[in-house]
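Reader: I'd like to go through this one piece by piece. Can we start with the packing and then move to the charged pairs?

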Amino acid sequence: MRIAVDAMGGDRAPDEMVKGCVEALNAFKDHDIEIILVGQQQVIDNLLQDYDYDKSRLHIEDALEVISNDEKPVNAIKKKRNSSMMVGLQLLKEKKTEAFISAGNTGALMAGALLKVGRIEGIDRPALAPIIPTVKGASLLVDAGANIGCKAEHLMQFAVMGSVYMEKVLNIPSPRVGLVNVGEEETKGNDIIQEAYTLIKATHLNFIGNIEARDIPAGKADVIVCDGFVGNVILKLLEGIASSLFEILKQDILKSWRAKLGALLLMPTLKGLMKEWDYAEYGGALLLGIDGLIIKAHGSSDASAIKNAIKQAEIFVSKDVLSQIRNEIVMVEDKSNEQ
């Protein structure tokens with residue numbers, strides 16, 4: 001299995017990208033994984049001198065240009081065709097790799113994916129789908145920013161794709177699908193949300209109905225469906241709350257020696273809690289609906305996050321999730337045409 005990684009994309013590139021790839025190779029020695037680092041060859045070669053790894057399983061695809069985070073997506077993908085991001089997407093399009101991971105410019109990655117790789121047949125809009133922690137485990141948020149405005153059909157497709165991922169990759173049988181709304185009643189929300197409710201309900205998915213924002217961290221749904229505007233607000237709010245809570249806890253611990261002693265006793269529990277709420281543990285957000293596996297790693301991803309993204313990609317590919325999504329979309333369309 002070949003997995004390409006954008007060595008030049010992200011706040012900590014290329015150092016942490018290269019380190020993460022080496023760590024993945026060393027951690028998954030018994031896995032059939034080969035990694036293609038896409039970026040400036042001389043820079044990558046220099047960094048690799050510091051590591052011990054199986055050189056037969058790591059290759060470099062030279063790409064001289066870099067798309068920065070502050071560049072406009074459409075301009076960037078048109079002007080920088082020899083960038084690490086666009087070269088990586090080209091490898092995916094040509095089936096020279098089974099997956100592509102990038103921590104670079106999100107807008108450019110989504111625009112480039114549509115231009116280079118294209119959509120799965122039957123999917124109108126790709127969606128950005130990150131795993132988010134809840135008190136009951138992991139949930140999938142679909143969409144987290146790829147589509148600011150959506151039609152009801154798009155939300156239904158998000159539900160189908162998210163359900164397939166949670167069942168096949170995270171092994172959750174009959175995952176619960178919830179539609180984000182301002183109330184639980186079927187009649188709540190605008191016309192688009194109400195129509196989406198009807199469409200999702202008509203599928204074979206385990207649709208639990210509308211969920212409110214407070215239900216999300218409680219883990220009420222395994223798949224959280226919303227448009228990209230709402231999803232991005234939810235994602236950023238959860239990140240902010242988690243960061244603030246840990247900061248408040250840290251400040252309170254430093255106030256007295258009793259608190260410090262208590263924290264010392266609770267340290268294993270606190271470390272476990274921080275690990276559960278760390279985005280790096282989940283690798284990255286999937287760009288669902290593209291006809292090839294693309295993972296958007298967090299912009300500040302370190303080596304651990306990249307290593308976990310590679311593991312995430314391996315599971316996705318080995319379980320042939322793309323084919324599963326294609327099949328589910330066909331089933332939903334056939335059922336819709338019968339009605």
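Reader: Leaving aside neighbours within four places in sequence, which residues is F316 in contact with?

Author: This is a predicted model. In it, F316 is in contact with Y165, V169, L286, L288, L293, V321 and L322, once neighbours within four places in sequence are set aside.

Reader: Which residues touch the most other members of the largest nonpolar core?

Author: F316 is one of them, along with I101, L179 and I310. That core has 67 residues.

Reader: Where does the largest share of this core come from?

Author: From helix α6, residues 152-168, which supplies 10 residues.

Reader: How many residues are in the other core?

Author: Another core, lying apart from the largest one, has 24 residues. Among them are A63, I77, A285 and I294. As a general point, nonpolar side chains in soluble globular proteins tend to be buried together.

Reader: And on the surface, which residues form a nonpolar patch?

Author: I148, F229, V230 and V233 do, with about 370 Å² of accessible area together.

Reader: Take F229. Where does it lie, and is it buried or exposed?

Author: F229 is in helix α8, which covers residues 228-253. Its relative accessible area is 51%, and the cut-off for exposed is over 50%, so F229 counts as exposed.

Reader: Charges now. How many salt bridges does the structure hold?

Author: The structure holds 9. One of the pairs is R326 with D291, at 2.4 Å from N to O.

Reader: Which parts does that pair tie together?

Author: R326 is in helix α11 (residues 321-338), while D291 is in the loop between β11 (285-288) and β12 (293-296), so the bridge joins parts 35 residues apart in sequence.

Reader: What about E186, which side chain does it meet?

Author: E186 meets K201 in a salt bridge, 3.7 Å from N to O. E186 sits in the loop between β8 (176-180) and α7 (191-201) and K201 in helix α7, so this pair ties together parts 15 residues apart in sequence. E186 is partly exposed, with 38% relative accessibility.

Reader: Last pair. What does E71 form a salt bridge with?

Author: With K80, where the closest N and O atoms are 2.8 Å apart. E71 has a relative accessible area of 21% and is partly exposed. K80, at 22%, also counts as partly exposed.

Technical notes
Residues numbered from 1 in each chain as written. Predicted model: local features only at pLDDT ≥ 70, side-chain atom pairs only at ≥ 80, totals over all residues. Heavy atoms only, no water. Salt bridge = Lys/Arg side-chain N within 4 Å of Asp/Glu carboxyl O. Buried < 20%, exposed > 50% of the residue type's maximum accessible area, 1.4 Å probe, protein only. Helix = DSSP H or I, 4+ residues; strand = E, 2+ residues; numbered from the N terminus. Core = buried A, V, L, I, M, F, W, Y, C linked by side-chain atoms within 4.5 Å. Contact = heavy atoms within 4.5 Å. Patch = residues over 30% accessible without salt bridge, like charges linked within 9 Å, V, L, I, M, F, W, Y side chains within 5 Å. Areas by Shrake-Rupley, 256 points an atom, 1.4 Å probe, with all protein chains shown as cover.
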